[in-house]
Amino acid sequence: MIKMKFSALIYIILAIVFIAVAPHFFDSYGMGILNQIAIYITLAVSYNLINGVTGQFSLEPNGFIAIGAYAAALVLLSVDQKNDLFNLEDPSPIILALHTNSFILALIIAGISACVLSLILSFAVFRVRGDYLAIVTLGFGIIIQKLAINFPSLTNGSMGLNGIPLFSNLYWTGGVAIVAVVLILNLVYSKFGRAMKAIRDDEDAASAMGINTFWIKTLAFSTSAFLEGVGGGLLVCLLGSVSPEQFGFEFTFVLLIIIVLGGLGSTTGAIIGSILVIGGMEWLRFLDELQIKIDILNINIESMPGLRMVAFSLVLILVMLFARRGIFGDKELNFFLNKNSKKKGFK
C-alpha cells in the first residue's frame, strides 16, 4: 500500500514538473494541443467512471459538457457584454444577474450545474439498463443541444457566445486533470469503487449482496457529470467562444473512442487514450496537405483533405485488432510495473 502511494506521488510530481517546464519547450500551437489533451484527460477519466468502472453504457457527456460550458461562459461575461451579444432576444434578468470575475468559482458553478442536473436525471435514467440506457442518455444530450438553440434569452441561441475571458492555460487545465485523476483513482479504490465494479460485473448479484445499486450508480453519474461540467468550463475559456454546434454527438463519440482504446475501466488507459487520440489527430494533420504526383498515371493531387482521419482510423483498427480490450484493459499502470518487477526478481 505504501509503495502504491509512493509511486502515485512520483507520477504527480512528474506531471507537475512537465506542466511547469512545458511553456519553455512548446510554441503557442503546441501549448494549445497540450491544453486540449489535458482537458480531454479530465473528460475521459470522468466518463470512464460511469461507462468503464460502473459498466453503465451512457452516451451523455456532450450534454453535461455543454451545461458546464454555458454556465461558465454566462457567469464570466459582464452585463455589458451580455447586452451586446444577445441579438435574437434580450437576455433574461437571471442571466444578467449572474457574474463573477473568479475563474475557479466559475468552474465550480459549471461543475455543480452539471451535477445537479445529473441527480435529477438519475431517477429516470437508471430505471433502464444496457442499450436502453444508452438511448435515454443519447436523447438527453440531443435535448440539451436543442434547448441551447431554442432558448435565445438564456444562451443567445444558435449565434452562441464569444468574447469569453481566456483564463484557461496549462497550469489550470493540467492542474484540474491531476486533481480529477487523483479523485477518480481514490474513488475507484474505495469501497464505493468496489461496489461500482460489482455492479459492472453483475448488477443483480450486487443487489442481492445488499449493495444499493441505484445510489452507487447515481454517485458515479453525478461525479462524472461534475468533472465533465468543469471540463466544459475549461474548454470554453480556452476557445473563447461557445455555440450549440460544438456539443453534438461527435463529442461523445470521441470520448468513447478514447476510453475504449485505452481500456474500459482503466484510468491510466483513459489518460493514454486522450494523449494518443487528441495528440495523434493533430500530429497527422500534415497528411491533409500531402501532395501526391504520379507521372506514369498522370495523376497530380495537390492536397488530400481528410486523409489524416483515414490514417488515424486505420491505426485505431489495427490497435483494436491486437488489443481487443484496449491498451490497458481494465488494469492500471502499477499492475504492469509490479508484474514486471516480480518477473525480474524484485521485491
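This is a predicted model: local features need pLDDT of at least 70, side-chain atom pairs count only at pLDDT 80 or more; totals for chains, interfaces and linings use all residues.

Reader: How many aromatic pairs does the structure hold?

Author: A pair of aromatic rings is described by the distance of the centres and the angle of the planes. Rings of Phe, Tyr and Trp (its six-membered ring) pair if their centres lie within 6.5 Å; planes under 30 degrees apart count as stacked, over 60 as edge-to-face and the rest as tilted. The structure holds eleven such pairs. One of them, Y40 with F251, is stacked, at 5.8 Å centre to centre and 15° between the planes. Y40 belongs to helix α2 (residues 28-53) and F251 to helix α13 (residues 249-262), 211 residues apart; helices are DSSP runs of H or I with at least four residues, numbered from the N terminus.

Reader: Is Y40 buried or exposed?

Author: Buried means under 20% relative accessible area, exposed over 50%, partly exposed in between (1.4 Å probe, protein chains only). Y40 has 12% and is therefore buried; F251, with 8%, is buried as well.

Reader: Which class does the pair of F64 and F140 fall into?

Author: That pair is tilted, with 5.0 Å between centres and 50° between planes. Because F64 lies in helix α3 (residues 61-76) and F140 in helix α7 (residues 130-150), the pair ties together parts 76 residues apart in sequence. Both F64 and F140 are buried. Ring pairs also link F64, F126, F140 and F221 into a cluster.

Reader: At what angle do helices α6 and α7 pack?

Author: Axes are lines fitted to C-alpha atoms over the stretch in contact, and angles run from 0 to 180 degrees between N-to-C directions. Helix α6 (residues 103-125) and α7 pack at about 140°, with axes 11 Å apart. Contact means heavy atoms within 4.5 Å; here L117, L121 and V125 of α6 meet L133, V136, T137, F140 and I144 of α7.

Reader: Which residues does T267 touch?

Author: Not counting residues up to four places away in sequence, T267 touches V45, N48, V181, I184, L185 and E332. T267 is placed in helix α14 (residues 267-283) and, at 1% relative accessibility, counts as buried.

Note on methods. Residues are numbered from 1 along each chain as its sequence is written. Side-chain values use heavy atoms; hydrogens and water are left out. Helices (H or I, at least four residues) and strands (E, at least two) are DSSP runs, numbered from the N terminus.
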